[in-house]
Amino acid sequence: MAEILDGKEVSRVKKEELKKKIIELKEKCGITPGLAIIRVGEDPASEIYVKNKLKACASLGIHAIEKHFEGTEKEEEIIKTIESFNTDQTIDGILVQSPLPNSYDEQKIVSHVLSSKDVDGFGIMNLGYLLANQEQILAATPLGIIHLLDYYNIPIASKHVVIIGRSQIVGRPLSILFLNRDATVTITHSKTTNLKEITQTADILVSAVGKPHFVTADMVKVGAVCIDVGISRVENHVVGDMDFDSIKEKASFITPVPGGVGPMTIATLLENVYTLALKRKER
Ligand code: NAD
């Protein structure tokens, strides 16, 4: 029976530690970390995610503001707002909540965020640093996964890590994070033909697809560490990609959904705001 990787508990511990560091930063340097979130359109999930991020910031003493656009504005208007946050000394991190409505060029808009305020780590500069194994600011979900494994002392070096999904925000950056930690990494995706054959060889299996029960127990090696990134809604319940009940009988560790990777993502985002605030004096 697998041990649960309790992201809720680990993130609570991480946030407690961070809260203390933020108090110290205020007392010693007079710096209150600041986060600006830009939300465009009326996507209900985005609205909830942003609300949760603002709430989490408030509970840790991070100054956080939201700028909401209805979705009818011109791209230039959003870019102007990003540029004003770029020069705002009280703002350390800028986050453009994804997805933007289809009428906007998300990549173009996000590219206007200064790399020194790229709290999501999605900018070309931070991705380049990651690829060069000179990690700076890293995407919150992938880094949160590494933090979770580290917390439970799960070794990464020399392990075969199989990632299902190659998105810009999860699969791709996560694959490099594992590579930088000396794992042997295989990325699989929608065009992979022999998925089960590959996943059965994983010491650490990560799924970031977004399809409920996509990963079944027969795809998992006995003793594997299973990380479920997926979030789907089924009859008003949040579920992951993995068939949790059957896989937990086979795996050595498994993340629940909810309560696994999700809370780690938020805690890591807050940590990124703090890390950027530490560099405020260098900007
Ligand atoms: P995405 O839609 O951008 O990517 C999905 C990936 O799944 C693609 O790379 C695609 O190639 C792959 N895929 C689709 N069908 C497949 C198949 N049959 N076989 C193998 N691969 C297949 O999604 P994303 O933004 O990476 O998010 C993935 C999931 O993770 C979603 O459910 C999302 O809500 C969730 N998510 C959770 C967190 C968190 O904090 N827990 C953060 C980000 C994303």
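**Helix packing and local backbone geometry**

Helix H6 is mostly covered, with 10 of its 12 residues buried. The structure described here is a predicted model. Helix H6 spans residues 140-151, and the distance from its first C-alpha to its last is 16 Å, close to the 16 Å expected at 1.5 Å a residue. Its buried residues are Ala-140, Thr-141, Pro-142, Leu-143, Gly-144, Ile-145, Ile-146, His-147, Leu-148 and Leu-149. The elements that cover them include helix H1 (7-29), helix H7 (171-180), strand E7 (204-207), strand E8 (225-228) and helix H10.

Helix H10 has 18 residues and reaches 26 Å from its first C-alpha to its last, close to the 26 Å expected at 1.5 Å a residue. The buried residues of H10 are Val-261, Met-264, Ala-267, Thr-268, Leu-269, Leu-270, Asn-272, Val-273, Tyr-274, Leu-276 and Ala-277. These buried residues pack against H1, strand E2 (34-40), H2, strand E4 (93-96), H6 and E8.

Helix H2 (residues 44-60) and helix H10 (residues 261-278) pack at an angle of about 55°, and their axes are 10 Å apart. H2 is therefore oblique to H10. The crossing of the two helices, H2 and H10, is right-handed. On the H2 side, the contact involves Asn-52, Lys-53, Ala-56, Cys-57 and Leu-60, which meet Ile-266, Leu-269 and Leu-270 in H10. By class, the residues of this contact of H2 with H10 comprise 6 nonpolar, 1 polar and 1 charged. Leu-269 and Leu-270, which take part in the contact with H2, also belong to the buried residues of H10.

Strand E7, one of the elements covering H6, contains Ser-207. Because its relative accessibility is 0%, Ser-207 counts as buried. Leaving aside residues up to four places away in sequence, Ser-207 touches Ile-164, Val-215, Ile-227, Asp-228, Val-229, Gly-230, Asp-241 and Met-242.

His-112 occupies the loop between helix H4 (106-110) and helix H5 (124-131). With a relative accessible area of 28%, His-112 is partly exposed. The C-alpha atoms of His-112 and Ile-82 are separated by 6.7 Å, although these residues are 30 residues apart along the chain. Contacts of His-112, not counting residues up to four places away in sequence, are made with Ile-79, Ile-82, Glu-83 and Asn-86.

Several backbone features were also identified. Most residues other than glycine have a negative phi, and most peptide bonds are trans. Just after H6, Asn-153 takes a positive phi of about 55°, although Asn-153 is not a glycine. Asn-153 lies in the loop between H6 and strand E5 (160-164), and its relative accessible area of 67% makes Asn-153 exposed. Ser-158 is also placed in the loop between H6 and E5. The phi of Ser-158 is near 70°, a positive value in a residue other than glycine, and at 62% relative accessibility Ser-158 counts as exposed.

Cis peptide bonds occur at two of the prolines. The bond from Ser-98 to Pro-99 is cis, with omega near 0°, and Pro-99 is found in the loop between E4 and H4. The bond from Val-257 to Pro-258 is likewise cis, with omega near 0°. Pro-258 is located in the loop between strand E11 (253-254) and H10.

Terms used: Residues numbered from 1 in each chain as written. Predicted model: local features only at pLDDT ≥ 70, side-chain atom pairs only at ≥ 80, totals over all residues. Heavy atoms only, no water. Axes fitted to C-alpha atoms, helices over the stretch in contact; angles between N-to-C directions. Helix = DSSP H or I, 4+ residues; strand = E, 2+ residues; numbered from the N terminus. Parallel < 35°, antiparallel > 145°, perpendicular 65-115°, else oblique. Left-handed = near helix turned anticlockwise from the far one by under 90°. Contact = heavy atoms within 4.5 Å. Nonpolar A, V, L, I, M, F, W, Y, C, P; charged D, E, K, R; others polar. Expected span 1.5 Å × (residues − 1). Buried < 20%, exposed > 50% of the residue type's maximum accessible area, 1.4 Å probe, protein only.
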